[in-house]
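Take a walk through this fold, one neighbourhood at a time.

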Amino acid sequence: MEYILSPSILSADFARLGEDVKKAADAGAQWIHIDVMDGAFVPNISLGFPVIKSLRKETDKVFDVHLMIEEPGRYIEEFVESGADLITLHAESAKHLHRAIQQVKAAGCKVGVSLNPATPLCALEHILDEIDMVLIMTVNPGYGGQAYIDAMDQKIRNLRKMADERGLDLDIEVDGGVTADNIGHIKECGANIFVAGSAAFNGDIEANVKKLLKAMEE
Ligand SMILES: O=C(CO)[C@H](O)[C@H](O)COP(=O)(O)O
């Protein structure tokens, strides 16, 4: 199983976004997590296509684009053209989730589906075999700097079991409250991709990323 750190730029300094992303990439982060928020599906507004397009010139790392927007199917092609390598849709925000998944695949992109903390795993029942990754939200989406919800441990364990029972080599990404102190425990629950916002970008980015990678690899 491949273990991947995907620092979330939500906690970066937006006035120095390119520099911050380069620092995280140069320190060894394998992916860059880009949170798109529309002020409707979640209470916050973050960034859109022009920012992703500009960042694409700064690094060739995988752009892991997490769409926290209503009806994401409206914008798939534009996100792919902007530079997304993997697009994650929320099960709660796509009225026709199966169709939106097919749209991402047809656009030549890897596809993930995310579940909010209160959404049960049964939402994945009929689409799990169609997707590359499940993103388990371990905070309620919208803001960085929140605490990891401990009840999500069991959800991650159950999802890994569900994937194993189906013989799927599924990537399980965890987003929210991930730190160097809990990353090992989350890995033990069955996740293999770790999003870290404040733990990566608050303070010394290079030192933070190296510390997270070390804790992830232990
Ligand atoms: O999707 C998100 C918020 O909705 C962010 O990726 C997440 O909150 C990361 O921030 P932190 O690691 O500080 O919790």
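Asp35 touches Ser8, Leu10, Ser46, His66 and Met68, leaving out residues up to four places away in sequence. The model is predicted. Asp35 sits in strand S2, residues 31–37. Is Asp35 buried or exposed? The cut-off for buried is 20 or more other C-beta atoms within 10 Å. Asp35 has 25 C-beta neighbours inside 10 Å, so it counts as buried.

His66 lies in strand S3, residues 62–68. His66 has 28 other C-beta atoms within 10 Å and is therefore buried. Neighbours within four places in sequence aside, its contacts are His33, Ile34, Asp35, Val36, Thr88, Ser114 and Leu135.

Now turn to Asp175. This residue is found in strand S7, which covers residues 171–175. Asp175 has 27 other C-beta atoms within 10 Å, so it is buried. Beyond four places in sequence, Asp175 touches Leu135, Met137, Thr138 and Val195. Met137 has Asp175 as its bridge partner in S7.

What does the UniProt record list under "active site"? The unreviewed entry gives Asp35 and Asp175. They span 141 residues in sequence, yet no two of their C-alpha atoms are more than 10.6 Å apart, so they gather at one spot. The "binding site" annotation, also from an unreviewed UniProt entry, covers His33, Asp35, His66 and Asp175. These are spread over 143 residues of sequence, but they cluster in space, with a largest C-alpha distance of 10.6 Å.

Strand S6 (residues 133–137) pairs with S7 in the parallel sense over 5 bridges.

The largest nonpolar core holds 67 residues. Val65, Ile87, Ile136, Phe194 and Leu212 touch the most other members. Helix H8 (residues 205–217) gives the most to this core, with 6 residues. Take Ile87 as an example. Not counting residues up to four places away in sequence, Ile87 touches Val65, Leu67, Ile76, Phe79, Val104, Cys109 and Val111.

Finally, step back to the whole chain. The protein has 8 helices and 8 strands. Its C-alpha trace spans about 40 × 35 × 30 Å along the principal axes. Why does the overall size agree with a compact globule? For 218 residues, such a globule would have a radius of gyration near 17 Å; the protein has 16 Å, which agrees. Buried residues make up 46% of the 218 residues. Among contacts between residues at least 6 apart in sequence, 64% join residues at least 24 apart.

Note on methods: Residues are numbered from 1 along each chain as its sequence is written. This is a predicted model: local features need pLDDT of at least 70, side-chain atom pairs count only at pLDDT 80 or more; totals for chains, interfaces and linings use all residues. A nonpolar core is a set of buried Ala, Val, Leu, Ile, Met, Phe, Trp, Tyr and Cys residues joined through C-beta atoms within 7 Å. A residue is buried if 20 or more other C-beta atoms lie within 10 Å of its own, exposed if 12 or fewer, and partly exposed in between; C-beta atoms are placed from the backbone. Helices (H or I, at least four residues) and strands (E, at least two) are DSSP runs, numbered from the N terminus. Two residues are in contact if their C-beta atoms, placed from the backbone, lie within 7 Å. UniProt positions are given in the numbering used here, feature names are shortened, and annotations may be inferred rather than shown by experiment. Two strands pair if DSSP finds at least two bridges between them. The radius of gyration is taken over C-alpha atoms; the globule rule is 2.2 Å times the number of residues to the power 0.38.
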